[in-house]
Amino acid sequence: MGTPLNLTSNIFFFIFTLTILYVAYTFPRLQPNQTNLVFYVHDHFTGEHSTAATVAGKSGPASNILHFGTVAIVDDPVTVGPSDDSALIGRAQGMYVNSQLDGKGLYMVFSVIFTDGEFKGSSLEIQGSDIFTVKEREFGVVSGTGYFRFVKGYGIMETVFMDIANLRATLKLNVTVKHY
(Lines give C-alpha, C1' and ligand atoms only; values in the text may rest on other atoms or scores of the structure.)
Protein backbone atom coordinates (compact mmCIF):
# COMPACT_ATOMS: atom_id res chain seq x y z
CA MET A 1 0.00 0.00 0.00
CA GLY A 2 1.35 3.40 -0.96
CA THR A 3 2.05 6.19 1.44
CA PRO A 4 -0.13 9.31 1.31
CA LEU A 5 2.80 11.31 -0.08
CA ASN A 6 3.29 8.88 -2.99
CA LEU A 7 -0.43 8.85 -3.73
CA THR A 8 -0.55 12.67 -3.73
CA SER A 9 2.56 12.86 -5.94
CA ASN A 10 1.08 10.37 -8.41
CA ILE A 11 -2.23 12.24 -8.62
CA PHE A 12 -0.41 15.57 -9.09
CA PHE A 13 1.79 14.05 -11.81
CA PHE A 14 -1.29 12.58 -13.57
CA ILE A 15 -3.19 15.91 -13.50
CA PHE A 16 -0.07 17.84 -14.62
CA THR A 17 0.45 15.43 -17.56
CA LEU A 18 -3.21 15.71 -18.62
CA THR A 19 -2.99 19.51 -18.48
CA ILE A 20 0.14 19.59 -20.66
CA LEU A 21 -1.43 17.23 -23.21
CA TYR A 22 -4.64 19.29 -23.28
CA VAL A 23 -2.70 22.52 -23.90
CA ALA A 24 -0.46 20.93 -26.55
CA TYR A 25 -3.36 19.59 -28.61
CA THR A 26 -6.01 22.31 -28.21
CA PHE A 27 -4.12 25.61 -28.58
CA PRO A 28 -3.85 26.81 -32.15
CA ARG A 29 -0.49 26.24 -33.78
CA LEU A 30 1.25 29.08 -35.54
CA GLN A 31 0.79 28.36 -39.25
CA PRO A 32 3.20 29.88 -41.77
CA ASN A 33 1.98 32.32 -44.40
CA GLN A 34 2.55 31.39 -48.01
CA THR A 35 3.41 34.13 -50.48
CA ASN A 36 3.68 33.69 -54.24
CA LEU A 37 5.58 36.35 -56.21
CA VAL A 38 6.37 36.85 -59.87
CA PHE A 39 8.96 39.44 -60.85
CA TYR A 40 11.53 40.05 -63.56
CA VAL A 41 15.30 40.56 -63.31
CA HIS A 42 17.07 42.48 -66.10
CA ASP A 43 20.69 41.35 -66.40
CA HIS A 44 22.85 43.57 -68.66
CA PHE A 45 26.59 42.94 -68.98
CA THR A 46 26.95 45.44 -71.85
CA GLY A 47 25.50 48.72 -72.97
CA GLU A 48 25.19 52.20 -71.54
CA HIS A 49 23.18 51.06 -68.53
CA SER A 50 25.01 47.81 -67.74
CA THR A 51 24.11 46.28 -64.35
CA ALA A 52 26.58 43.40 -64.19
CA ALA A 53 30.34 43.12 -64.50
CA THR A 54 32.89 40.35 -64.48
CA VAL A 55 35.48 40.80 -61.72
CA ALA A 56 37.63 37.67 -61.99
CA GLY A 57 38.33 34.73 -64.24
CA LYS A 58 40.95 33.05 -66.40
CA SER A 59 41.57 36.32 -68.27
CA GLY A 60 41.13 38.50 -65.17
CA PRO A 61 38.30 41.03 -64.97
CA ALA A 62 37.99 41.00 -68.78
CA SER A 63 36.79 37.38 -68.67
CA ASN A 64 33.49 36.48 -70.27
CA ILE A 65 30.72 35.22 -67.94
CA LEU A 66 30.14 32.38 -70.42
CA HIS A 67 33.57 30.88 -69.59
CA PHE A 68 34.16 28.42 -66.74
CA GLY A 69 35.58 30.01 -63.60
CA THR A 70 34.41 33.57 -64.25
CA VAL A 71 32.97 35.56 -61.35
CA ALA A 72 30.50 38.39 -61.94
CA ILE A 73 28.89 40.92 -59.63
CA VAL A 74 25.33 42.11 -60.34
CA ASP A 75 23.07 44.97 -59.32
CA ASP A 76 20.14 44.25 -61.61
CA PRO A 77 16.78 46.04 -61.69
CA VAL A 78 13.77 44.00 -60.54
CA THR A 79 10.47 44.93 -62.18
CA VAL A 80 6.82 43.83 -62.13
CA GLY A 81 6.83 43.10 -65.87
CA PRO A 82 9.22 41.83 -68.54
CA SER A 83 9.87 45.15 -70.30
CA ASP A 84 12.77 47.39 -69.28
CA ASP A 85 10.38 50.29 -68.63
CA SER A 86 8.10 48.25 -66.33
CA ALA A 87 7.65 49.52 -62.75
CA LEU A 88 10.82 49.09 -60.71
CA ILE A 89 10.21 47.29 -57.39
CA GLY A 90 13.75 46.45 -56.32
CA ARG A 91 17.29 45.34 -57.09
CA ALA A 92 18.92 41.91 -57.40
CA GLN A 93 22.37 42.30 -55.86
CA GLY A 94 24.94 39.54 -55.58
CA MET A 95 27.13 37.38 -57.76
CA TYR A 96 27.29 34.65 -60.37
CA VAL A 97 30.10 32.15 -60.76
CA ASN A 98 30.34 30.15 -63.97
CA SER A 99 30.76 26.73 -62.38
CA GLN A 100 30.11 24.35 -65.26
CA LEU A 101 33.05 23.14 -67.37
CA ASP A 102 31.22 23.76 -70.65
CA GLY A 103 30.33 27.31 -69.54
CA LYS A 104 26.56 26.78 -69.62
CA GLY A 105 25.85 26.84 -65.91
CA LEU A 106 26.13 29.48 -63.24
CA TYR A 107 26.06 29.28 -59.47
CA MET A 108 24.09 32.29 -58.28
CA VAL A 109 23.75 33.88 -54.88
CA PHE A 110 21.98 37.21 -54.61
CA SER A 111 19.56 39.28 -52.58
CA VAL A 112 16.33 40.61 -54.03
CA ILE A 113 15.94 43.89 -52.16
CA PHE A 114 12.47 45.37 -52.50
CA THR A 115 12.64 49.17 -52.76
CA ASP A 116 9.01 49.83 -53.71
CA GLY A 117 5.60 48.21 -53.59
CA GLU A 118 3.96 45.94 -51.04
CA PHE A 119 7.23 44.42 -49.77
CA LYS A 120 9.30 47.65 -49.64
CA GLY A 121 12.13 47.32 -47.12
CA SER A 122 12.14 43.51 -47.23
CA SER A 123 14.50 41.12 -48.99
CA LEU A 124 14.79 37.54 -50.19
CA GLU A 125 18.06 35.61 -50.30
CA ILE A 126 18.31 33.40 -53.39
CA GLN A 127 20.83 30.68 -54.02
CA GLY A 128 21.25 27.89 -56.52
CA SER A 129 22.22 26.67 -59.93
CA ASP A 130 21.29 28.45 -63.14
CA ILE A 131 21.87 26.22 -66.15
CA PHE A 132 20.66 28.90 -68.55
CA THR A 133 20.30 26.54 -71.53
CA VAL A 134 17.38 24.84 -69.72
CA LYS A 135 13.96 26.50 -70.13
CA GLU A 136 12.97 26.37 -66.44
CA ARG A 137 15.42 26.16 -63.53
CA GLU A 138 14.61 25.71 -59.86
CA PHE A 139 16.45 27.53 -57.09
CA GLY A 140 16.22 27.88 -53.34
CA VAL A 141 15.07 30.81 -51.25
CA VAL A 142 17.17 30.41 -48.13
CA SER A 143 16.28 33.41 -45.96
CA GLY A 144 14.84 36.89 -45.92
CA THR A 145 14.27 40.07 -43.98
CA GLY A 146 11.33 42.31 -43.08
CA TYR A 147 8.07 40.80 -44.31
CA PHE A 148 10.01 37.64 -45.24
CA ARG A 149 11.63 36.99 -41.87
CA PHE A 150 12.15 33.23 -41.26
CA VAL A 151 11.36 32.50 -44.90
CA LYS A 152 12.05 29.28 -46.73
CA GLY A 153 10.98 28.40 -50.20
CA TYR A 154 11.83 27.85 -53.82
CA GLY A 155 11.48 29.50 -57.17
CA ILE A 156 11.33 28.72 -60.85
CA MET A 157 13.47 30.86 -63.15
CA GLU A 158 12.69 31.17 -66.84
CA THR A 159 14.56 33.15 -69.48
CA VAL A 160 12.13 35.56 -71.16
CA PHE A 161 14.74 37.26 -73.33
CA MET A 162 18.39 36.42 -74.06
CA ASP A 163 20.88 38.18 -76.32
CA ILE A 164 24.04 36.10 -75.89
CA ALA A 165 26.07 38.22 -78.32
CA ASN A 166 25.52 41.32 -76.15
CA LEU A 167 25.22 39.43 -72.83
CA ARG A 168 21.77 40.78 -71.98
CA ALA A 169 18.91 38.79 -70.50
CA THR A 170 15.54 39.18 -68.83
CA LEU A 171 14.63 36.49 -66.31
CA LYS A 172 11.19 35.70 -64.92
CA LEU A 173 11.27 34.49 -61.31
CA ASN A 174 8.20 32.75 -59.93
CA VAL A 175 8.82 32.44 -56.19
CA THR A 176 6.87 30.57 -53.50
CA VAL A 177 7.87 31.11 -49.88
CA LYS A 178 6.57 30.20 -46.45
CA HIS A 179 7.17 32.59 -43.58
CA TYR A 180 5.71 33.76 -40.27
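Author: A residue is called buried when its relative accessible area is under 20%. The model is a predicted one, and every value below is computed from it.

Start with F114. Its relative accessible area is 3%, so F114 is buried under that cut-off. F39 is buried as well. Both belong to the largest nonpolar core, which has 31 residues. F39, Y96, F114, L124, L173 and V175 are the members that touch the most other members of this core. Seen by element, at least two core residues come from each of strand 1 (33-44), strand 3 (71-79), strand 4 (88-98), strand 5 (106-114), strand 6 (123-130), strand 7 (136-145) and strand 9 (168-179). Strand 5 contributes the most, namely 5 residues. There is a general background to this: in soluble globular proteins, nonpolar side chains tend to be buried together.

Next come the aromatic rings. A pair of aromatic rings is described by the distance of the centres and the angle of the planes. The model has 8 aromatic pairs. In one of them, the ring centres of F39 and F114 are 6.0 Å apart and the planes stand at 90°; an angle over 60 degrees counts as edge-to-face, so that is the label for this pair. F39 sits in strand 1 and F114 in strand 5, 75 residues apart, so the pair links distant parts of the chain.

F114 also pairs with F148. Here the centres are again 6.0 Å apart, but the planes are at 40°, so the pair counts as tilted. F148 lies in the loop between strand 7 and strand 8 (152-163), while F114 is in strand 5, so this pair ties together parts that are 34 residues apart in sequence. The relative accessibility of F148 is 0%, so F148 counts as buried.

Polar residues can be examined in the same way. T70, in the loop between strand 2 (52-56) and strand 3, has a relative accessible area of 1% and is therefore buried. A polar atom of the T70 side chain lies 3.0 Å from the backbone oxygen of N64. Leaving aside neighbours within four places in sequence, T70 is in contact with residues that include T54, N64, I65 and Y96. Y96 was named above among the core residues that touch the most other members.

D43 is a second case. This residue lies in strand 1, and its relative accessibility of 8% means that D43 counts as buried. With neighbours within four places in sequence left aside, the contacts of D43 include V74, D76, Y96, R168 and A169. D43 and T170 are 127 residues apart in sequence, yet their C-alpha atoms are 6.1 Å apart in space.

The whole structure has 1 cavity of 30 Å³ or more. The largest cavity holds about 220 Å³ of space. It is lined by 17 residues, of which D43, L106, F132, M162 and A169 are the closest to its centre. Strand 8 and strand 9 are the elements that give two or more residues to the lining.

How values were computed: Residues are numbered from 1 along each chain as its sequence is written. This is a predicted model: local features need pLDDT of at least 70, side-chain atom pairs count only at pLDDT 80 or more; totals for chains, interfaces and linings use all residues. Side-chain values use heavy atoms; hydrogens and water are left out. A nonpolar core is a set of buried Ala, Val, Leu, Ile, Met, Phe, Trp, Tyr and Cys residues joined through side-chain atoms within 4.5 Å. Buried means under 20% relative accessible area, exposed over 50%, partly exposed in between (1.4 Å probe, protein chains only). Helices (H or I, at least four residues) and strands (E, at least two) are DSSP runs, numbered from the N terminus. Rings of Phe, Tyr and Trp (its six-membered ring) pair if their centres lie within 6.5 Å; planes under 30 degrees apart count as stacked, over 60 as edge-to-face and the rest as tilted. A polar contact is a pair of N or O atoms within 3.5 Å; within protein, one must be able to donate a hydrogen and the other to accept it, and residues adjacent in sequence count only if both atoms are side-chain atoms. Contact means heavy atoms within 4.5 Å. On a 1 Å grid over the protein atoms alone, a cavity is a set of points where a 1.4 Å probe fits but cannot get out, and a pocket is an open set with protein on both sides within 12 Å along at least five of seven lines; lining residues have an atom within 4 Å of a point. Grid points are joined across faces, edges and corners, and a volume is the space filled by probe spheres set on the points.
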